[in-house]
Amino acid sequence: LRRRWNLSPEGPTRGDWTAYLLSLFIVFFSLQGPLHEISDVYLFSGHMVQHLLITLVFPPLFIRGIPPWMWTPVVRYGWVAAVGRALTRPLIAGAIGTVGLYFWHVPAAYEWAMRNHDVHIIEHISFMVTAVILWWPAYSRIPEVPRLTPGVLMVYLFLCTIPMKGLGAIITVSDYILYPFYSVQPRMFGMDPMMDQRMGGLIMWIPGGLVFWVTIGVIFFRHFYTGVVAARL
């Protein structure tokens with residue numbers, strides 16, 4: 001298709017292949033095998049690890065792994081690019097990611113997904129779609145739907161840490177079981193339901209926020225610190 005449509009003289013680079021295949025591996029590792037079994041049957045904290053992988057690790061790799069020329073047949077339509085730009089504006093993208101995150105952690109919605117496999121599939125797909133939208137302003141590779149400038153991007157990512165940390169804190173400090181599904185399941189690693197819930201909240205609270213802070217640090221040193229040092233030299 002690349003040759004037939006004259007999209008690019010060169011195919012995906014090694015970096016493109018690596019990022020894209022890693023993104024698929026993250027999805028497969030998260031939604032199949034031991035982690036999937038633990039999160040779906042035994043531990044709330046395992047489920048939080050699964051959610052963090054598909055919302056914080058998968059999206060940057062997925063966006064980075066698709067060469068810009070592969071978007072050309074899509075964004076050549078002006079309305080598609082306009083919709084993309086609208087959805088990935090900082091306030092809109094952040095709101096979409098936050099609404100998706102909070103909705104599926106409302107106890108009633110969470111229990112619904114755990115007890116209905118089809119709903120659970122929809123939950124995971126919605127997590128991945130909304131997370132790609134949230135991360136697009138940071139990793140976009142196409143000018144039609146561009147990434148943010150470094151300064152604005154750091155502010156955007158900082159603001160994105162607040163909902164994640166807030167939800168993690170609510171779950172961690174809760175004095176009662178928020179998700180009864182796990183309270184009747186066989187226990188693993190000696191964790192009772194309350195300890196499991198608090199561990200899951202801490203996973204969302206600390207590592208979840210840390211991913212954003214690491215990204216902010218990389219942006220700062222790449223675009224600002226190195227520029228200052230170079231100017232002084």
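These questions and answers go through a predicted model of one protein chain.

Modeller: The model is predicted, with local features needing pLDDT of at least 70 and side-chain atom pairs counting only at pLDDT 80 or more, while totals for chains, interfaces and linings use all residues. Residues are numbered from 1 along each chain as its sequence is written, and side-chain values use heavy atoms, without hydrogens and water.

Biologist: How many helices and strands are in the protein chain?

Modeller: Helices (H or I, at least four residues) and strands (E, at least two) are DSSP runs, numbered from the N terminus. From that end, the elements run α-α-α-α-α-α-α-α-α-α. The counts are 10 helices and 0 strands.

Biologist: What share of the contacts with a separation of 6 or more comes from residues 24 or more positions apart?

Modeller: Contact means heavy atoms within 4.5 Å. The C-alpha atoms fill a box of roughly 55 × 50 × 30 Å along the principal axes. For residues 24 or more positions apart, the share of those contacts is 76%.

Biologist: What percentage of the 233 residues counts as buried?

Modeller: Buried means under 20% relative accessible area, exposed over 50%, and partly exposed in between, with a 1.4 Å probe and protein chains only. By that cut-off, the buried share of the 233 residues is 45%.

Biologist: Is serine 45 buried or exposed?

Modeller: Serine 45 sits in helix α3, residues 44–65. Leaving out residues up to four places away in sequence, it touches Met191, Asp196, Met199, Gly200 and Ile203. Its relative accessibility is 5%, so serine 45 counts as buried.

Biologist: What does helix α1 span from its first C-alpha to its last?

Modeller: Helix α1 covers residues 14–31, which is 18 residues. The expected span is 1.5 Å times one less than the number of residues. That gives 26 Å expected, and the helix is close to it, reaching 26 Å.

Biologist: Why do the buried residues of α1 line one face of the helix?

Modeller: In α1, Asp16, Ala19, Ser23, Ile26, Val27, Ser30 and Leu31 are buried. The arc is taken from the directions from the helix axis to the C-beta atoms. Seen down the axis of α1, the buried residues line one face because they fall within an arc of 105°.

Biologist: Which helices do the buried residues of α1 pack against?

Modeller: On the other side of α1, Arg14 and Phe28 are exposed. After the helix comes glycine 33, with a positive phi near 80°. The packing partners of the buried residues are α2 (33–42), α3 and α8 (117–139).
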